[in-house]
Amino acid sequence: MLSVVALITMKSGSIRLFIRLSSEDAAKLQRAFREGNLRALGDMSVKSLKDAGQWPEATELVEEPFPVMLDLRRPLTDADKQRLAAFLSHEKERARETVAGFEEESRGLLPRIAGWLSRLKRRPRLSAGERVAVGAVLAGSTLCRSLLDLLFILFPKLLGSADSQEGLRESASRWLMNWRSTVNRAAVVEDSLNAFVIWPMVTAVCVAVALLIFGGASLAVVLWAAASGAALAVAGGAVCAGVLSIRACGAGGVLIGTAFGVVHGLIAAHVGGLGGLANLTVHADVLTRTIGGFVGVAAPQLFGRGWPWRILVLCVPALGIASAARLMARPYEAEARPGPLRELQGALLGSLAGSGIFLVMEGTRLLSRFVGMEPAFLAAYACLSMIVLLCLFRLRAASMPLAALLALSYLMAGLLLMGAQWWPPAGWPALLAGSAATAMFQAQFFTLAWLIGYRVGGWRAAVLAACLEGVGGYIGFVLSRVF
């Protein structure tokens, strides 16, 4: 049987209670604890006794106002309980006095803090140079963070951690038209700033650097191609991010914008600059200008320059489209696969969204028998685009009136871009509007294919459906212009 005599002490005002033991008693307690024979002391559970043997003997207790001696060899007597009650009551009172003193000191501290704040307010304002320096530091830190976020989305396994990958998965709930109260609004703003401001700037820089490396392009062409890639990334990304992760769509816009921006710059450099590209575009029919863009317009000339140009025109944009489809799936990669058959069904069903482009072309040709080509295209585009946008937003929004309102707003934006590329005099702004109009037109069918594939067969089916619609449709249209 364990036989221990303990002296319980506490310094006045302390929050720690000490049980001081002799070395012999400490050894007994340790042995009982290791053997599992000691679980509690009275109503207090024993957590650890590994340091009990190192405690000093209770010899100097002059500072202890109420030392309490307990003989654990027999049950606590009424006198022991009274001494313990007096001891604890005294220490509670001391604790109250300590808290009260702290509150009194805090009340005296508040006026001093208020005075310091008032003096701080009267300090002279920062000079213009200081404000510029502070703004530059803040802008630089925001830019660095945005670039690191982009690199992480591009290489999540290489650069990311478990927490960052979990954050990427959570971004699947943040898309532009998701107005639920559970969405983190600050995160939506940050994602939108990256996707539509900072990352398009990164796209423009990448396009400019690539064109300068290739050489042969004037400064005006380099600047226009950089702006074209950025405009394409913003316009196409706005459609995708309306129903899918803003972060993922913004990252995909960087790759697809860079790919098309570089090709646009090379085309402009080899057709006589921006003037030659504008002249070539003005004389093309409306379907080629809008559906195929500058690549579709210049495809017959480019294919006559040999295999390097053919590979460039076909492969670089196709690679950008496929990469964008893959990056859009980043937040969904942890989801379970529904099975190969289900994925194949989703890919095939999703790719059928591309047939809407064929319907726009046929509707334009049919209506052009009664009105001009451009009004016929606008009518066909408005009808088919409204249906596609309704399907997009209805798959993501529970309310049909809300889906209709969102579809109408995107349709109006697309029609404005169409008008901007046709009616102003052919030049720099019209060419830029043409790039954005083509991106918004194609992004509707591309995103619908991705979303249908995802709803049917998961993210792998979505990527395959978007590749079949986007890459297959792009290569098919370019080849149809050549042969």
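These legends describe several close-up views of one predicted model. In this predicted model, local features need pLDDT of at least 70 and side-chain atom pairs count only at pLDDT 80 or more, while totals for chains, interfaces and linings use all residues. Residues are numbered from 1 along each chain as its sequence is written, and side-chain values use heavy atoms, with hydrogens and water left out.

View 1. Asp191 counts as buried because its relative accessibility is 3%, where buried means under 20% relative accessible area, calculated with a 1.4 Å probe on protein chains only. When neighbours within four places in sequence are left aside, Asp191 is in contact with Arg174, Ile246 and Arg247, contact being heavy atoms within 4.5 Å.

**View 2. The largest nonpolar core.** A nonpolar core is a set of buried Ala, Val, Leu, Ile, Met, Phe, Trp, Tyr and Cys residues joined through side-chain atoms within 4.5 Å. The largest one has 103 residues, of which Phe377, Phe393, Phe441 and Trp450 touch the most other members. Helix α16 (residues 428-482) gives the most to this core, contributing 22 residues. A second, separate core has 10 residues, among them Phe152, Ile153, Ile198 and Trp199.

**View 3. The aromatic pair of Trp224 and Phe294.** The structure holds 10 aromatic pairs, in which rings of Phe, Tyr and Trp (its six-membered ring) have centres within 6.5 Å and count as stacked with planes under 30 degrees apart, as edge-to-face over 60 and as tilted for the rest. Trp224 and Phe294 form an edge-to-face pair, at 5.5 Å centre to centre and 70° between the planes. Trp224 is in helix α7 (residues 219-243) and Phe294 in helix α10 (residues 286-303), so that the pair links distant parts of the chain, 70 residues apart. Both Trp224 and Phe294 are buried.

**View 4. The aromatic pair of Phe260 and Tyr474.** Phe260 and Tyr474 are also edge-to-face, at 5.8 Å centre to centre with 85° between the planes. Because Phe260 lies in helix α8 (residues 246-270) and Tyr474 in helix α16, the pair ties together parts that are 214 residues apart in sequence. Phe260 is buried, with a relative accessible area of 12%, and Tyr474 is buried at 10%.

Technical notes
Buried means under 20% relative accessible area, exposed over 50%, partly exposed in between (1.4 Å probe, protein chains only). Helices (H or I, at least four residues) and strands (E, at least two) are DSSP runs, numbered from the N terminus.
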